[in-house]
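Please look over the sequence and the fold shown below before reading on.

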Amino acid sequence: MAGQHKSMVHAGGGGPTLRDNPGMSTLPSTVVIATRESRLALWQAEHVRALLGQRFGWNVELLGMTTRGDQILDRALSKVGGKGLFVKELEVALEEGRAHLAVHSLKDVPMELPEGFVLAAVLEREDPRDAWVSPRYASVDELPQGARVGTSSLRRVVQIKARRPDLDVQPLRGNLDTRLRKLDEGQYDGIVLAAAGLKRLGLAERIRSVIDPQTMLPAAGQGALGIEVRADQTALREALATLTDAPTWLAVHAERAVSRRLGGSCSMPLAAFAQWRGDRGDQLHIEARLGHPADAERALVVLSRSAAVTDTAGADALGVAVAESLLASGGQALLDALPAAT
Ligand SMILES: NCc1[nH]cc(CCC(=O)O)c1CC(=O)O
């Protein structure tokens with residue numbers, strides 16, 4: 001929505017302005033990053049601003065925006081239209097030329113971008129794992145019978161319930177600071193958050209234990225940052241592409257392919273996580289897990305597969321193959337039981 005523009009939260013000071021260069025003539029003299037105004041989103045946008053300054057000498061400004069996803073904090077995200085809510089308004093700013101790029105936690109980026117937008121770069125992945133945060137208990141396994149755990153992520157709910165059906169898992173929304181405050185107020189015995197977000201905000205000391213992916217498989221794209229631009233911004237795309245970390249790019253491609261093949265909605269209790277393995281580190285190993293939406297205690301369908309992957313086509317094929325095995329092994333029945341998206 002055009003009316004969402006709130007403020008220029010940061011004006012890049014004093015850096016050199018881009019000179020007109022015939023080959024790159026469509027690069028703007030000041031590059032504007034559209035960003036949500038949560039502390040994490042601002043940190044991520046500032047991180048990219050600094051990177052663009054260092055690598056290209058660009059003059060970069062931030063355009064802060066409040067998205068629908070930020071406004072609707074009282075209902076589970078999966079019930080109000082999904083992760084796209086965090087991305088849509090930023091895309092409108094790109095469409096209207098008020099900003100040139102948007103920085104996203106890749107985890108929040110829908111599997112299919114709208115026509116006319118592309119991911120120009122994916123930066124090297126931070127810690128992709130989930131983190132256990134609790135004042136009293138060192139891990140989920142140490143919780144007493146019936147203890148209360150906070151998370152609204154269906155992916156986290158089904159994995160916690162599969163391991164500890166006795167736990168009382170309660171919704172927890174809001175940005176990272178809000179979630180930590182609710183924990184500190186005593187509303188939960190512990191909560192699960194992405195390690196990457198806590199580390200980025202200097203809150204690593206809140207992490208009681210990092211959760212092994214074996215126990216809590218991460219979401220597709222977790223811990224990676226993506227930079228979105230309009231597809232017609234070719235000069236910008238070419239420059240940004242050089243920031244991409246190839247191992248991250250291929251891993252998240254495979255993960256997102258799993259999600260896309262399964263319908264790509266965040267109302268789906270799906271985890272997908274790819275890692276490089278093998279003596280030469282050239283084997284991409286991916287695991288995917290799908291839980292039951294209405295009966296979280298039900299066993300998860302779990303599938304994994306490895307392949308030598310060298311390009312995005314190979315990564316996509318690996319992800320699709322895992323998704324199809326998942327469907328054939330009981331996943332289809334779970335998807336059929338999903339509530340219709342609202
Ligand atoms: N769902 C919100 C969200 N989107 C990205 C992160 C963390 C950073 C990341 O995964 O890159 C978080 C917080 C969380 O899940 O705890």
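In helix 4, the residues Leu154, Arg155, Arg156, Val157, Val158, Gln159, Ile160 and Lys161 are buried, a residue being buried if 20 or more other C-beta atoms lie within 10 Å of its own, exposed if 12 or fewer, and partly exposed in between, with C-beta atoms placed from the backbone. Because eight of the 10 residues of this helix (residues 154-163) are buried, helix 4 is largely enclosed by the rest of the structure. Its buried residues pack against strand 6 (130-133), strand 7 (148-150), strand 8 (168-170), strand 9 (190-194), strand 12 (270-277) and strand 13 (283-290). Helices (H or I, at least four residues) and strands (E, at least two) are DSSP runs, numbered from the N terminus.

This is a predicted model, in which local features need pLDDT of at least 70 and side-chain atom pairs count only at pLDDT 80 or more, while totals for chains, interfaces and linings use all residues. Residues are numbered from 1 along each chain as its sequence is written.

The secondary structure of the protein chain comes to nine helices and 14 strands, and 44% of its 342 residues count as buried. Of the contacts in the chain with a separation of 6 or more, 73% are accounted for by residues 24 or more positions apart, where two residues are in contact if their C-beta atoms, placed from the backbone, lie within 7 Å. The chain is divided into domain 1 (2-124 + 224-243), domain 2 (130-210) and domain 3 (249-336), with bounds that come from an automatic or database domain assignment. The C-alpha centres of domain 2 and domain 3 lie 24 Å apart, and eight residues of domain 2 are in contact with 13 residues of domain 3. On the side of domain 2 that touches domain 3 there are five nonpolar, one polar and two charged residues, with Ala, Val, Leu, Ile, Met, Phe, Trp, Tyr, Cys and Pro counted as nonpolar, Asp, Glu, Lys and Arg as charged, and the others, Gly among them, as polar.

Strand 13, one of the strands against which helix 4 packs, is largely enclosed by the rest of the structure, because six of its eight residues are buried. Strand 12 and strand 13 pair in the antiparallel sense over eight bridges, pairing being assigned if DSSP finds at least two bridges between two strands. Within this pair, leucine 270 stands opposite leucine 290 of strand 13, and in the hairpin, which has five residues between the strands, glycine 278 takes a positive phi near 95°. Eight bridges also join strand 13 to strand 14 (residues 301-308), again in an antiparallel arrangement, with valine 302 in strand 14 as the bridge partner of arginine 289.

Leaving aside neighbours within four places in sequence, alanine 288 is in contact with Val258, Leu270, Ala271, Ala272, Leu303, Val322, Ala323 and Leu326.

The ligand has around it Ser105, Lys107, Asp108, Leu193, Ala194, Ala196, Gly197, Gln222 and Gly223, each with its C-beta atom, placed from the backbone, within 6 Å. Strand 9 and helix 6 (195-200) are the elements that give two or more residues to this shell, which draws at least three residues from each of domain 1 and domain 2.
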